[in-house]
Amino acid sequence: MKILYLADVVGRPGRMMIKHHLKKIKEAYEIDLVIINAENASHGFGISIKNSKELFAMGIDMMTGGNHSWDKKDILPIMDSEPILRPMNYPSSAPGSGVGYLTVGDENLVVINLMGHFTMPMVDNPFTMIVAEVERLKEEGYENIFIDMHAEATSEKRALMAMLKGKVSAICGSHTHIGTDDMEIDEGTFYVTDVGLTGCRDGVIGMSKKEPMARFLTSISSKFDVPNSCKKILQGMIFELEEGKCIDAFKIKAYDYEEAEVSQRAYIEQ
Ligand SMILES: [Fe+2]
Ligand SMILES: [Fe+2]
């Protein structure tokens with residue numbers, strides 16, 4: 001199966017890029033499933049019911065989240081019934097689930113959303129939880145497992161790869177909004193530290209540059225905002241899985257409304 005994953009989709013500019021590009025990308029690369037991280041999809045903070053419906057109608061199969069999963073309160077009651085995940089290591093009293101299941105024909109894909117600790121809200125230990133969860137899934141016969149590791153620290157993401165290499169199909173990082181170029185496939189596990197945002201490329205992590213600049217110049221914080229008009233980018237990882245192993249993975253990028261192009265292929269360790 002071929003999966004397209006977009007990390008943090010930021011605000012209306014991000015949604016516009018999906019609306020313009022997704023159908024063409026799905027056809028060109030024969031994509032079976034589309035997963036996005038939607039924690040910033042509604043004006044940079046959370047995902048509303050209205051925007052989730054729009055995105056599902058554009059061809060999204062599942063949404064993951066992160067520390068901003070809770071910012072739009074209307075979504076919370078439907079997180080148990082819609083394919084909208086939040087990190088699994090939030091306390092069990094939090095709405096929704098961190099583990100989702102998708103199918104392509106007679107093949108399954110398990111999608112897991114996990115969150116790191118550094119600079120993040122207090123949550124349960126992602127590492128002990130995920131090791132036990134992967135063991136449970138394997139015992140139940142699941143082969144294809146994809147993890148969205150939502151974390152600030154590159155070391156937490158890298159350590160996750162060290163723990164799960166050969167045991168899961170793919171680990172993609174999200175949260176920093178900045179893409180990294182360390183794509184590799186090792187023992188059948190695809191890994192990238194962060195896919196990077198889809199949205200404005202000329203601000204600061206998808207937001208208007210005005211507030212972050214003022215914050216750093218004055219040490220007084222104000223709320224970040226998504227600009228109405230900006231230069232945009234779409235960044236997506238496409239990875240192909242066969243019997244639980246990743247056999248090929250590459251990144252695609254689209255600048256504004258130019259055609260999406262392959263920017264880098266994952267290095268395959270022998
Ligand atoms: Fe984000
Ligand atoms: Fe985040």
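The model is predicted: local features need pLDDT of at least 70 and side-chain atom pairs count only at pLDDT 80 or more, while totals for chains, interfaces and linings use all residues. Residues are numbered from 1 along each chain as its sequence is written, and chains are lettered from A and ligands numbered from 1 in the order in which they are written.

Helices (H or I, at least four residues) and strands (E, at least two) are DSSP runs, numbered from the N terminus; strands pair if DSSP finds at least two bridges between them. Six of the seven residues of β1 (residues 2-8) are buried, meaning that 20 or more other C-beta atoms, placed from the backbone, lie within 10 Å of a residue's own.

| Strands | Bridges | Sense |
|---|---|---|
| β1 and β11 (232-242) | five bridges | antiparallel |
| β1 and β2 (33-37) | five bridges | parallel |
| β8 (184-186) and β9 (189-192) | three bridges | antiparallel |

Seven strands form an open sheet of mixed pairing, ordered β4-β5-β6-β7-β9-β8-β14. Its edge strands, β4 (99-104) and β14 (267-268), each pair on one side only. Helix α3 (residues 126-139) packs on this sheet and touches β4, β5 (107-115) and β6 (145-150).

The largest nonpolar core has 72 residues; Ile171 is one of those touching the most other members. Such a core is a set of buried Ala, Val, Leu, Ile, Met, Phe, Trp, Tyr and Cys residues joined through C-beta atoms within 7 Å. Beyond four places in sequence, Ile171 is in contact (C-beta atoms, placed from the backbone, within 7 Å) with residues including Ile147, Leu160 and Tyr191.

Conventions: Buried ≥ 20, exposed ≤ 12 C-beta atoms within 10 Å, placed from the backbone. Contact = placed C-beta atoms within 7 Å. Axes fitted to C-alpha atoms, helices over the stretch in contact; angles between N-to-C directions.
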